[in-house]
Amino acid sequence: MKRKFIAVIAAAILSVVFAGSAMAQEINAYMGTSPDNNAKIAKFIKDKTGITVNQTFQSCGEIEAKMKAEAPNFSADMVIGACSPQGFLAKKSGWTVPYVSPAWKGVPEVFMDPKGDFYHIATFSFVLVGNKDRLAKAGYKMPESWKDLLDPKWKGEIVMPSPLSSGTANMMRFTFLALYGDAEGWKYLEALDKNIHHYSRSGNAPTDLVGRGEFMLGITSDENVKKRLNDGYPLLWSIPAEGTGYDGTTSFIFKTTKKLETCKKIIDLLGTQEFSDMMAAIGYVTPRPAMNALYGKTLPKFVNLDLGKASDDKAKNNDIWKQKLRTDFK
Amino acid sequence: MAAAELSVKLQSSSGSKVKDFLNANLVNILAAVLFLLLAFFLLFPIVMVLLKSLRGAEGFTLQYYKAFFSKQYYFQSLYNTLLLGAINTVVCLVIGFCLAYMTTRGPWILRKPLKLISLIPLIAPPYLFALSLIIMFGRNGLITKMFDLHWQLYGFSGVVISQTLAFIPLAFMMIESTLMSLNPNLEESAYDMGASEATILRTITIPLLAPGLLKAGLLIFVMTIAEFGNAAILGGRTPFLAPDTYTMITGESDFNMGSVLSVILIAPCILIFFIHNYLLEGKKFTTIGGKPVASEPRKITPLIKVPFMIITTVAAGAIFICFAIVFIASFYKILGVTHNITLANYLDFTSNQSIYNSIRVSFVAALIGAVIGVLLAYVIVRGKFFGRTFIEMASLSGFALPGTVLGIGYLLAFSAPPLKLTGGIMILALNCVFRFLAVGVEAGISKLHQIHIEIEEASADLGASFLTTFYRIVLPIMFPAFIAGFLYTFMTAIVSLSAVVFLVSPGFDLAAVKIFDAAVYGEIGIASATTMKLVLIVMICMMILNFISKKTRLGSSMAPTKPT
Amino acid sequence: MSMNANEKPMLILKDIHKFYGNNEVLKGVSLEVRKGELVTFVGPSGCGKTTLLRLIGGFTDISSGDIILDGQRINDLPPNLRDTRICFQNYALFPHMTVAENVGYGLKINKWPKDKIAARVHELLEMVELDEFGDRMIDKLSGGQQQRVAFARALSLEPKVLLLDEPLSNLDANLRLVMREEIRKLQERLHITTVFVTHDQFEAMAISDRLVVMKNGLIEQVGTPIEIYERPANEFIAGFVGYVNFMDGRIESIDKTTCNAVVHTEYGQLMITLEQDDVKTGDDVLMVIRPESVSLSLDCQDKRQNVICGTLVSYMYAGSIAKCTVMIGNKKMIIDQYNPRDAQQFLHAAKVEVEIPRSVHLLKKKK
């Protein structure tokens, strides 16, 4: 009787532990776009190739942390949709598999690493969003220049993500530094800081927060803007006169994967026109020309950026950020 | 050693040398194995964190510590954290005292409902309060909109309020148990001789409670500074150590500084753990002699009664409202913004999936934790080897360690082969096992104290080998402790956030993390619904626990506290 | 001890009822206690004696009835405004204070000047023979010493009535006997009205002026120890205060002049000297036969008055006393032989003779 009991318990443990580890073609991926977009991409892959992609949304920073902690034996097979610093880091550390995919032939160079160590399956930018109702109520118009955000009337009404945790914010930061130069750039950020209510954890959060009317303005990733507009949120969006930055939505294969062929198939898929079409419909700027749902025919004005330098400077910039910007001291 | 003597006395029926050896030394072998487990899963990760904080690119260095102490930003974080701890402790002690006083000496009608409300926060994740505060006082909050408030929820005050509410039950339970162990005759004697209520409090009650209050205060302090959820959700621009550690690792992927922050966070915890267990042990001022007498309600003078009642009502009311708000919000997409009641939040697939995962992880953790806990208890009580107190201390220490630190430790220790555990369910389960081991161990110890060694000796006298005695006598009697450990570990693991936030992997979302993500993202409806589902699960567990402990008279030593 | 019978009672309890929820714990208790008297509430567990004590002290509310202390109705007064002081079973000494501080606590609360406090504390400690112990902490005292400190503390404010709740229950057997005497002596010396609660009937009889035997929330009998023991009012009381053998009988005749009654039992006719007037001829009675009042002899002659034959079933010799069990017919009778003679022979005896004493209390059987 006792033995039976133990056997039942043991069986229960085993089944609980191993339930859900199915057998069909599947890979594990770290994906960093957004919970919604991760799901869309995974579904696309599944529909077109039958491969199941197991993923949980992690921000770019989390993906980088995971990689660093797990190196050189990763729990995932690939990374789909991190930010460019992760790609640079992975290549520099020797964690990637150089694979020149034939499916990516004809795509502009800026979208991939020459040796095929990583690919940008899209680039994303950041935009300014505003809450239509609240702006109307206050009688304000959307700012035309990034410098307009420094106006004291916006005090406490702007949200943007924190570069300490968000790849998007990192992009914003290195864009402003590139736009105004290091010295002026930091001055701008410090002045802007006075109007920022708080820095959110994820790059897409300001879209939601502004869409719900908690704040009037937000500097946010463009990834979710189209979707929220479709959801009916009262959002206005614009790119001020100086232009915006961009960062790659980076994907690469881990050297230690046991499913190399499957991963290659995925990379191939990501270079197709179909994939670009799907991503453009979300609002991304894509490797292959496609109708961008957010920007339409005219892509925004981009500030000139050196992604490699930005990646190298990240730690230094984080340090300066922590020193200079206001945190509440009670 | 008892077991050795037992088996020497017997005629071993099998005759095999190995079996004899096992019988004679089983307790020692078991102890050694358990010690290795503890060392491996509790001490090793902490050591890894310590090492990481000291090891730079070129070897051992103090540069990271130097950076910590020289940069304003980190200093602020530390200062905020300590200040939060101090304020929280004082407020919780005061409120907990008023509540406990009312439930032990107040009018009969009040006692049960008050106790119920004071303990309810235990069944919910601590960050439930952050959530409810956002719903009420956030930028789109109900009350903010209703009264056009301009109060800043995000920041120090928000964190203090939510932390205080979350830890009231802990303060209440500890103070109540001390108050109950205080002989009511003492206060009655003082009353008899003419002391007013205030005088009784001042000259008798509080001085006698002082060691108990101190103990409670220290524990609250430790748990407050280690708690991650509320500070992360409501912190705003105010830095606190626990969320900062998290951002350091996941945002900046700077493991060195992350480890430094962790070490700084552990330091007060370990210090207080020592004071709590070793210096204050036995310094109790409960009565000498006589049996405890149930305390009747006294006529408490208005001077005391009124402020106590006010504090009690406010606290109880706040707790009740927070729960109610979250419950209501679970039926709206975003309470206060959207206006239709919906069940979509409850049916949301990803959050249900995450709850399913949480149940799986917690179940495994509970099972392993209960088994190890019971075995450890046996080894601690019956073993006679050197280092027994050390093992006891080690098994209890999981409680004192901040979850974030253990999470990071596991990440550092178990990401690479041959020790690779990251990316799976086991690392999450094991983390919970060793953090919450203390309850199963304590339950086991208390149960074992009720079994005299003579029972085991009687069994041996009748011909049973050590193993048989253990299997047929000890384990069945310890079963209630096993159940207690199991249920408690299950309940705490399922809402725990601090450690698991580092250890989740693709395709394996946990409910606590899901709630956290949703809350931060502003998806209040989903956060509320998932929270409510967790609360329901925990409530069911508590009822089972209550039922079992009544049936087996386990006693009220099962005070469940909640590190997360 | 003598007292003026016309003196007004110090403490009057009038028809006290106490309910805990629906449970009636005291069902109508009335009592008068004279000044200087030591009255003991005694009874089995749950009889309500402690509740009654706490009611007098003011720690529990009365459901209905009155308590009158020295002419003043004190129902609604809190404990500190009643002139009663209680001494709890577990002494309730303040562990964080010294002996002197404990004893002086009431005085301090009532704002006595410091020097007066010191003097009174000294006086009290002398009275309980602990004057050297003023500076000791409570946990350094023995059980008996703690008892005395509690006592001194209770007396510090010179209460009109002293309430003692099983004060000796926590002491070991020898100490109990010693302390019992000391408390009684002190109480008599101070002439202080005292209500004592105990479950130990022998203790109650040893020190009380009067006993109040309680059962199930009611007073069964109030009387001096002698009255209670020799003339218990019913079976319960008879059995409560000591071991008792009951024997059924019927009164056949009563001689009014000699006060002799002839009682018919199944073992024959017994001659009883009646010292009560509540029974008459024809009544069915229960004879209250105490073990120590019966004489035991070897062999069975069965010829003398009040002598019955029986079989000795067990004889447990313990030096000064031998406890014997004798079967009479199919009824068991317990007999205590003090200063047992012929013990050797009794050990092997079978047939014995039991002599029922002349002076036996009779309980009227309920019809």
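Predicted model: local features only at pLDDT ≥ 70, side-chain atom pairs only at ≥ 80, totals over all residues.
1. Interface of chains A and B. Chain A contributes 38 residues to the contact and chain B contributes 47 residues. On the side of chain A that touches chain B, the elements giving two or more residues are α1 (2–18), β1 (26–31), α3 (60–70), α8 (205–211) and α12 (307–324) of chain A. Of these, α3(A) gives the most, with seven residues. By class, this side of chain A holds 13 nonpolar, 13 polar and twelve charged residues.

2. Domains of chain C. Chain C is split into domain 1, covering 11–240, and domain 2, covering 245–364. The centres of domain 1 of chain C and domain 2 of chain C, taken over C-alpha atoms, are separated by 39 Å. Their contact draws six residues from domain 1 of chain C and five residues from domain 2 of chain C. The side of domain 1 of chain C that touches domain 2 of chain C comprises two nonpolar, one polar and three charged residues.

3. Helix pair in chain B. In chain B, helix α4 (residues 72–105) and helix α5 (residues 108–119) have axes that come within 8 Å and cross at roughly 150°. The crossing of α4(B) past α5(B) is left-handed. From α4(B), the residues making the contact are L99(B), M102(B) and T103(B), and from α5(B) they are L110(B), R111(B), L114(B), K115(B) and S118(B). Sorted by class, the contact of α4(B) with α5(B) has four nonpolar, two polar and two charged residues.

4. Backbone at E166(C). Although not a glycine, E166(C) has a positive phi of about 45°. E166(C) is found in the loop that runs between β7 (161–165) and α5 (173–190) of chain C.

5. Backbone at N216(C). N216(C) is likewise not a glycine and has a positive phi, of about 50°. N216(C) sits in the loop between β9 (210–215) and β10 (218–223) of chain C. N216(C) counts as partly exposed because it has 15 C-beta neighbours inside 10 Å, a value between the limits of 12 or fewer for exposed and 20 or more for buried.

Notes:
Residues numbered from 1 in each chain as written. Chains lettered and ligands numbered in written order. Axes fitted to C-alpha atoms, helices over the stretch in contact; angles between N-to-C directions. Helix = DSSP H or I, 4+ residues; strand = E, 2+ residues; numbered from the N terminus. Left-handed = near helix turned anticlockwise from the far one by under 90°. Contact = placed C-beta atoms within 7 Å. Nonpolar A, V, L, I, M, F, W, Y, C, P; charged D, E, K, R; others polar. Domains from an automatic or database assignment.
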